[in-house]
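Please consult the sequence and the model shown below.

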Amino acid sequence: MLLRIKNLKSTTNNMRYIVTILTILFSFAMQAQELIVEEEAPAVVKEIDTTLSTVAQKIDGVSAVIGEYVILDSDVDKSIAQFKAQGASLEGVTRCQLFGKLLEDKLYAHHAIQDSIVVSEAEIRSNVDYQLQQFMAQSGQSMDELIKLYNHPNEKAFRDEMYEINKSQKLASEMQKKILADVEITPEETRQFFNAIPEDERPTFGTELKVSQIVIEPKVTEEENQRVINQLKEFKADVVDNGANFRSKVVLYSDDKASTAQGGMYTLNRKQPKMVKEFREVAFSLQEGEISDPVKTDYGYHIIFLEKIRGQEYDVRHILLIPKVSEKATVEAREKLEKIRKSIVDGDISFAEAAKESSDEKETRGDGGLLINPQTQDYNFELTKIDPEVYGQIQDLEEGEVSLVQTDQGRTGNVKYKILMVSDRVEEHVADYSRDYLKIKELALNEKKIKAIDKWQNEKIMDTYIKINNEYRGCDFSSNWLKE
């Protein structure tokens, strides 16, 4: 119990690792695992380089077998490359730990296949494109240099290998989601969880507060909107009438820089919403090879090209153009917010009423400007965990004080202005069941999920063929893969 309580504060973050396979270390305790091996002479145990400072063996061999999956000696290096491409930190991580993570990935992936879990090929290849682009950008190396570094004959072989790694991880992620899909917590279980914690071991929650904001965005003129619409219509006509390349126009003109490297490609699934409603509705109404008329969303204006339909999945490319805001509109927006702030400070109107009447942020306007904590889905923010940008804007505010006008960026990159107010500040305190019920419920649910993962692994390891060879038998795994 003592160890569990000491880790309560980090349990919420740990559970993100359960449902996100891109985590470096699988930190949950998983005891009593069975290792099934063939009867043979024991392998010679060698000392290995436990750091990530060098590239592993150039001569490849089989390090482990899990079900139908084989882990090669070089797979740890491939994992290092992938994590770096994703921007993950590898500080303090050893080769043994990464190898243990590979064992866990393959265990999940093996049983995902046994359970007939299917993953999207297009989505995986899109992820590979993104990872390689990120890796080249961060490392400063060209594709040819990466191919040479990782000893591949050509780019196709490199991409195919990355595809298999991503596919295995995606299968593992979907398997974990399936395991946890039906795990829920009742109020009675939450109460029992809290009561089982000795009073002197109950977690301490940091200072909490509510944050409200009013946002004013400069208005785009109708002339500017029409200019963008006309330009998109010209792009469409050039592709349809003259055979121009849609992907080339994406690279040259699209304001959606996140998808430019993939030629504006997104894979949509009818069962899994990914894009904004207006975008999805138009995309699903198209025929293969068809290009839409300009579509307006909160991000700007798009034209959408439906490249291929694969059952429930639609491969689409799009070009996004964001209308530009004039200097005059920018000045008017700031002046409007200055007047709103003065009315609030003078007591002519409350902050909540002003937000409902004037804020351009539809997500918070109906709640009087109150921000919703994305982690807890309530209005309370723990000061030490609040978004650093928001923290910088409110750190000097007293409760009930209205900030000066802040300059910010909207989702389209255009400037916007906002004022903020802090309310209902509660100082650091020991967990209280009534006040902190939602946090306690989350902790209780996380513990239940950990137990579900433990139970699944302990059961599946018993009927899964697992064999570890070579120097990795000398690793001190966090999971008991060697049953020693």
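## A strand hairpin

Ala64 stands opposite Ile71 in S2. This is a predicted model, in which local features need pLDDT of at least 70 and side-chain atom pairs count only at pLDDT 80 or more, while totals for chains, interfaces and linings use all residues. Residues are numbered from 1 along each chain as its sequence is written, and side-chain values use heavy atoms, with hydrogens and water left out.

Strand S1 (residues 62-66) and S2 run antiparallel and are joined by four bridges; strands pair if DSSP finds at least two bridges between them. Helices (H or I, at least four residues) and strands (E, at least two) are DSSP runs, numbered from the N terminus. Two residues lie between the strands of this hairpin, where Gly67 takes a positive phi near 60 degrees.

## Aromatic pairs

Rings of Phe, Tyr and Trp (its six-membered ring) pair if their centres lie within 6.5 Å; planes under 30 degrees apart count as stacked, over 60 as edge-to-face and the rest as tilted. By this rule there are eight aromatic pairs. Phe284 and Tyr314 form an edge-to-face pair, 4.8 Å centre to centre with 85 degrees between the planes. Phe284 lies in the loop between helix H12 (277-283) and strand S6 (295-297) and Tyr314 in strand S8 (residues 313-321), so the pair ties together parts that are 30 residues apart in sequence.

Phe99, Tyr472 and Phe477 form one aromatic cluster.
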